[in-house]
Amino acid sequence: QMCIRDRVSTQSTWGSFKLMDSQKQQAGAEKKEIPIDTLPPQQILQIRKSLEEEVQVLGQSLEQFKLAINKYDENKQVLDSLKKKTTADNQMMIPLTSSLYVSGVIADRENFLIDLGTGYYVERNTRQASEYCDRKIAMLKENVEKLTKIITEKSQQIDTLTLVLQKKVNAIMAAQQKKA
C-alpha cells in the first residue's frame, strides 16, 4: 500500500508520500502518512501531475549530464590526438564562432588551460588535463546513475497513482450506475 510523503520533495525517499495535516503543521508536529486510497481523485490527479512535472525536469537534467559527459569525452580525444601529432602538425583551425575559423599554430602541446567554470582557469599538463576529464566523467556518470534511479522510482509512483485513480473512477462510475 502506498502512502503520500513529501510529494514536493526532489529527494528519493519515495515508497510513501507525506502530507502534512494543516493543524499539525501549524503546531509544528510531525508529519503523518496518509494512504493514497483515502484521498479524493482530484488530489491524486494533482499529486500525479506534480510527479510528472518533476520527472520531466529530472529528464532534462539527465540529458544535460549526458551532454557534459560527451563534452569531456571529446576533450580527452583531443588531448590524445595532440600527443600523437608531430611537431610539423602544429597548424590548426581555431574557431572564433561556430562557423568562423582562423588559422593558428600550437605553441605548447604539453600545457593546457582548463576552464573550471565561473571564469576560473587552471594550467595543467596533458596527463593532469586527461585525469581531470576522467574525474569529471566519473562524477557525471555517477550522477546519471542516481538520477536514472530517481526517475525510475518516480515513474513507478506515477504508475501506482494512475492505478489507484483508475480504481477510484471505476468505483465512482459503478456507484452512479447502481443509482440509475
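What percentage of the 180 residues in the protein do buried residues make up? Buried residues make up 28% of them, where buried means under 20% relative accessible area, exposed means over 50% and partly exposed lies in between, with a 1.4 Å probe and protein chains only.

Before selecting anything, please note that this is a predicted model, in which local features need a pLDDT of at least 70 and side-chain atom pairs count only at pLDDT 80 or more, while totals for chains, interfaces and linings use all residues. Residues are numbered from 1 along each chain as its sequence is written, and side-chain values use heavy atoms, with hydrogens and water left out.

**Whole chain**

Colour the chain by pLDDT, the predictor's confidence in each residue on a scale from 0 to 100. The average for the protein is 83, and 82% of the residues score at least 70. Select residues 1–26, where pLDDT stays under 50; for this stretch the model has 77 contacts beyond four places in sequence, a contact being heavy atoms within 4.5 Å. Where pLDDT is low, the predicted coordinates should not be read in detail.

Switch to a cartoon view, which shows 3 helices and 6 strands; helices (H or I, at least four residues) and strands (E, at least two) are DSSP runs, numbered from the N terminus. Read from the N terminus on, the elements follow the order β-α-β-α-β-β-β-β-α. Among contacts with a separation of 6 or more, 57% are accounted for by residues 24 or more positions apart. If you display the surface, the protein exposes about 12600 Å², of which carbon and sulfur atoms supply 52%, with areas from the Shrake-Rupley method and a 1.4 Å probe, only the protein chains shown counting as cover for residues.

Select residues 91–95 (strand 3) and residues 101–105 (strand 4), which pair in the antiparallel sense over 5 bridges; two strands pair if DSSP finds at least two bridges between them. A hairpin through 5 residues joins strand 3 to strand 4. Two bridge partners to pick out are isoleucine 94 with valine 102 and proline 95 with tyrosine 101.

Step back to asparagine 90, in the loop between helix 2 (41–84) and strand 3. Asparagine 90 counts as buried because its relative accessible area is 19%. Beyond its neighbours within four places in sequence, asparagine 90 is in contact with Gly104, Val105, Ile106 and Arg109. With arginine 109 there is also a side-chain polar contact of 2.7 Å, a polar contact being a pair of N or O atoms within 3.5 Å, of which, within protein, one must be able to donate a hydrogen and the other to accept it, and residues adjacent in sequence count only if both atoms are side-chain atoms.

**Threonine 118**

Move on to threonine 118, in the loop between strand 5 (111–117) and strand 6 (120–125). Threonine 118 is exposed, with a relative accessible area of 75%, and its phi is near 50 degrees, a positive value in a residue other than glycine.

**Helix 3 from its N-terminal end**

Asparagine 125 caps the N-terminal end of helix 3, with a side-chain oxygen 3.1 Å from the backbone nitrogen of arginine 127. Threonine 126, in helix 3, is buried at a relative accessible area of 5%. The side chain of threonine 126 reaches the backbone oxygen of arginine 109 at 3.4 Å, and its contacts beyond four places in sequence are Leu79, Lys83, Arg109, Glu110 and Phe112.

Now select residues 126–179, the 54 residues of helix 3, which at 1.5 Å a residue should span 80 Å; the end C-alpha atoms are 79 Å apart, which agrees. The expected span is 1.5 Å times one less than the number of residues.

Finish at isoleucine 151, found in helix 3 and buried at 15% relative accessibility. Beyond four places in sequence, isoleucine 151 is in contact with Val55, Leu58, Gly59 and Leu62. Its C-alpha atom is separated by 9.9 Å from that of valine 57, 94 residues away along the chain. Leucine 51, in helix 2, is buried with a relative accessible area of 0%; leucine 51 and isoleucine 151 are 100 residues apart in sequence and 9.8 Å apart in space, C-alpha to C-alpha.
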